[in-house]
Amino acid sequence: MSRTLTIAVDAMGGDRAPDMVIQGAEVALERDPQLDFILVGDEARIQPLLAKTRRLKPRNPTIIHTDKSVGASDKPSVALRAGRGSSMRLAIDLVGDKKADCLVSAGNTGALMAMSKFVLRMVPGIDRPAIAGIFPTLRGESAMLDLGANIDCDATNLVQFAIMGQIFARTVLGVERPVVGLLNVGSEEQKGHDAIREAATLLRGITDMPFTFHGFVEGDDIPSGTVDVIVTDGFTGNVALKTAEGTSRLISQSLRDAFRSSLLSRIGYLLARPAVGQMRQRMDPRRYNGAVFLGLNGIAVKSHGGTDALGFANAIGVAADMSRHGFLETVTRELAAAGLDKTNDERKVVATA
């Protein structure tokens with residue numbers, strides 16, 4: 001039997017917190033009884049919601065009271081200075097103090113990243129954190145990073161993202177030997193800027209590691225599932241993410257409009273409803289909720305702020321998978337195996353020696 005995990009939850013983060021958060025924890029507990037929760041937030045608002053739950057209430061989860069929370073529009077720098085004592089910061093502190101295995105928040109992304117980096121620090125050998133997410137593909141699912149944490153990346157950053165991304169694919173997606181690709185403007189070796197071509201050269205030189213480097217991939221390879229892990233800088237990754245989300249909404253709205261356009265179309269919908277329902281379930285963004293901050297010396301998962309209980313439960317599931325399968329320990333071990341476990345300052349000393 002898997003060990004019980006303690007998950008710190010920012011109960012006040014998200015558009016519909018704390019209701020959505022408590023309901024999400026209830027759903028997560030139904031799926032995985034080996035979870036304990038520490039709920040951080042306004043106890044006066046949490047307790048009545050907790051009293052209505054069937055599974056969560058009997059577990060008597062710890063509540064850490066605070067009436068402070070980070071606003072959705074707060075700048076990361078302001079949140080970092082003024083957010084001490086907020087529900088988000090206290091949840092992060094629990095992971096930093098080893099009182100919780102991981103944390104989940106649906107709050108302000110920039111603030112969560114800034115606070116998590118300040119409290120948890122970086123894994124030795126990783127220069128920058130990256131945001132990783134899960135995409136549906138024709139072959140199943142794939143992981144993609146960075147989705148917005150770093151606008152500019154050099155070759156070393158991209159290689160580090162690749163190492164972390166393939167471990168994420170093994171840990172969360174269950175891919176035994178992930179195939180990794182660098183997102184580029186073409187698949188030919190001479191395409192792309194210097195950093196991405198240098199990163200490709202470095203990745204081809206890494207041997208005896210549990211992943212396969214495919215080479216360059218293009219935008220249409222993302223939904224095709226050509227590779228299991230797509231690596232890119234945060235600017236490109238965020239554009240790709242928002243484009244995919246917008247395209248998904250376009251397809252959904254177009255289908256609704258088409259089926260409402262005439263009586264014959266409505267009859268057609270009745271015949272096609274099982275297939276449409278299957279497609280809707282396959283593309284449901286709640287299934288892929290839970291962006292992970294990779295590179296931090298602690299597990300922090302960001303849920304979409306507008307999600308519901310099911311989406312939040314899925315984010316909790318991602319955090320639990322990473323904790324149970326020893327994501328951080330694997331990153332440390334495989335960075336060392338690839339000779340990438342030195343800090344940036346240590347690399348500079350070696351380079352100038």
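Visitor: Is Asp228 buried or exposed?
Guide: Asp228 counts as buried, at 9% relative accessibility. Keep in mind that this is a predicted model.

Visitor: What does the side chain of Asp228 meet in a salt bridge?
Guide: The partner is Arg139, at 3.9 Å from N to O. Arg139 sits in the loop between strand 5 and strand 6, and Asp228 in the loop between helix 8 and strand 9, so the pair ties together parts 89 residues apart in sequence.

Visitor: And Arg139, buried or exposed?
Guide: Arg139 counts as exposed, with 58% relative accessibility.

Visitor: How many salt bridges does the count come to?
Guide: The count comes to nine. One of them joins Arg59 and Asp36, whose closest N and O atoms are 2.9 Å apart. Arg59 is in the loop between helix 2 and strand 3, while Asp36 is in strand 2, and the two are 23 residues apart.

Visitor: Which residues are linked in a network of salt bridges?
Guide: Glu26, Glu30 and Arg55 are.

Visitor: New topic. At what angle do helix 6 and helix 11 pack?
Guide: About 110°, with the axes 9 Å apart. That makes helix 6 roughly perpendicular to helix 11.

Visitor: Which residues meet there?
Guide: From helix 6, Phe168, Thr171 and Val172. From helix 11, Val318, Asp321 and Met322.

Visitor: How do the residues of that contact divide into nonpolar, polar and charged?
Guide: Four are nonpolar, one is polar and one is charged.

Definitions and conventions. Residues numbered from 1 in each chain as written. Predicted model: local features only at pLDDT ≥ 70, side-chain atom pairs only at ≥ 80, totals over all residues. Heavy atoms only, no water. Axes fitted to C-alpha atoms, helices over the stretch in contact; angles between N-to-C directions. Helix = DSSP H or I, 4+ residues; strand = E, 2+ residues; numbered from the N terminus. Parallel < 35°, antiparallel > 145°, perpendicular 65-115°, else oblique. Contact = heavy atoms within 4.5 Å. Nonpolar A, V, L, I, M, F, W, Y, C, P; charged D, E, K, R; others polar. Salt bridge = Lys/Arg side-chain N within 4 Å of Asp/Glu carboxyl O. Buried < 20%, exposed > 50% of the residue type's maximum accessible area, 1.4 Å probe, protein only.
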